[in-house]
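Below is a short report on a single chain. It starts with the overall fold and then turns to selected parts.

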Amino acid sequence: MEINEREFSDKALEDFDLIDRAVRDKDQQAYATLMKRYKKAVYFMILKMIRDTDDAEDLTMEAFAKSFRNLHKFKKDYTFSTWLFRIATNNAIDFIRKKKLKTMSLNNTLTDDGGNSVNIDVEDDDNNPQDEFIKTQRIEMVRIFVDKLPAKYRKLVKLRYFDELSYDEIAEELGKPLGTVKAQLHRSRELLYEIAQGKSKHI
């Protein structure tokens with residue numbers, strides 16, 4: 001697709017090139033670079049909405065999973081960061097709706113990496129047709145990397161993402177303190193990010 005380079009920043013144009021490499025060449029390093037660029041920004045945006053670090057980390061992983069699975073559908077009418085932030089935001093809103101959390105007003109303005117406003121699409125229907133799709137994306141994303149994890153982390157990730165157990169349920173299942181489960185799941189997510197960024201040789 002032809003793009004007007006004057007409409008986009010150098011960083012946005014670099015993102016377009018990374019997307020082309022990821023989609024056309026299946027370049028894993030291109031995926032990793034995109035994740036590295038936006039992981040922190042997406043995480044802190046979601047954390048502002050959710051106000052729970054564990055759930056924010058889960059939702060950050062889901063946002064990247066969904067965006068990467070649909071990267072071939074990305075159109076260069078707007079920046080990658082705007083597209084990614086919208087996916088992450090809508091996924092977080094769906095989580096809030098399902099959990100019925102009391103959190104920040106959804107009317108608050110959120111901005112993407114370039115300082116542009118991100119539109120938030122909120123559906124009133126509780127029966128969100130995206131629920132099953134999001135669940136599928138979560139599982140598919142984990143399957144890409146989970147077999148590369150050490151055994152103890154692999155078990156935790158499978159219980160959390162495949163079986164969708166709560167932290168309390170995992171602690172009971174494994175007979176471990178809740179704090180230990182949270183700490184080990186946090187470490188497992190770090191390892192998954194390292195694997196995704198091609199650093200698995202250090203594991």
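Which pattern does the chain follow, read along the sequence? The chain runs α-α-α-α-α-α-α-α. It holds eight helices and zero strands. Helices (H or I, at least four residues) and strands (E, at least two) are DSSP runs, numbered from the N terminus.

This is a predicted model, in which local features need pLDDT of at least 70 and side-chain atom pairs count only at pLDDT 80 or more, while totals for chains, interfaces and linings use all residues. Residues are numbered from 1 along each chain as its sequence is written, and side-chain values use heavy atoms, with hydrogens and water left out.

**Whole chain**

The chain has 203 residues, and 46% of them count as buried. Buried means under 20% relative accessible area, exposed over 50%, and partly exposed in between (1.4 Å probe, protein chains only). The chain exposes about 11,300 Å², of which carbon and sulfur atoms supply 46%. Accessible areas come from the Shrake-Rupley method with a 1.4 Å probe; for residues, only the protein chains shown count as cover. Contact means heavy atoms within 4.5 Å. Among contacts between residues at least 6 apart in sequence, 62% join residues at least 24 apart.

**The core**

In soluble globular proteins, nonpolar side chains tend to be buried together. Here the largest nonpolar core has 54 residues. Such a core is a set of buried Ala, Val, Leu, Ile, Met, Phe, Trp, Tyr and Cys residues joined through side-chain atoms within 4.5 Å. V42, I46, I50, F68, L71, F80 and L149 have the most contacts inside the core. Helices 1, 2, 3, 4, 6, 7 and 8 each supply at least two of its residues. Helix 2 (28–50) gives the most, with 11 residues. Leaving out residues up to four places away in sequence, L71 touches I19, A22, V23, Y31, L34, F80 and W83.

**Helix 1 and its partner**

Helix 1 has 16 residues and spans 22 Å from its first C-alpha to its last. That is close to the 22 Å expected at 1.5 Å a residue, where the expected span is 1.5 Å times one less than the number of residues. A12, L13, D15, F16, L18, I19 and A22 are buried in helix 1. The buried residues of this helix pack against helix 2 and helix 4.

The axes of helix 1 and helix 2 come within 8 Å and cross at roughly 145°. Axes are lines fitted to C-alpha atoms, for helices over the stretch in contact, and angles run from 0 to 180 degrees between N-to-C directions. On the helix 1 side, the residues that meet helix 2 include K11, E14 and R21. Their counterparts in helix 2 include A30, T33 and R37.

D15 lies in helix 1. It counts as buried because its relative accessibility is 1%. Beyond four places in sequence, D15 touches L34, R37, Y38 and F80.

K26 and R51 each have a positive phi, and neither is a glycine.

| Residue | Loop | Phi | Relative accessible area |
|---|---|---|---|
| K26 | between helix 1 and helix 2 | about 55° | 58% |

**K158**

Apart from neighbours within four places in sequence, K158 is in contact with V146 and D163. The C-alpha atoms of K158 and V146 are separated by 8.0 Å, and the two residues are 12 apart along the chain.
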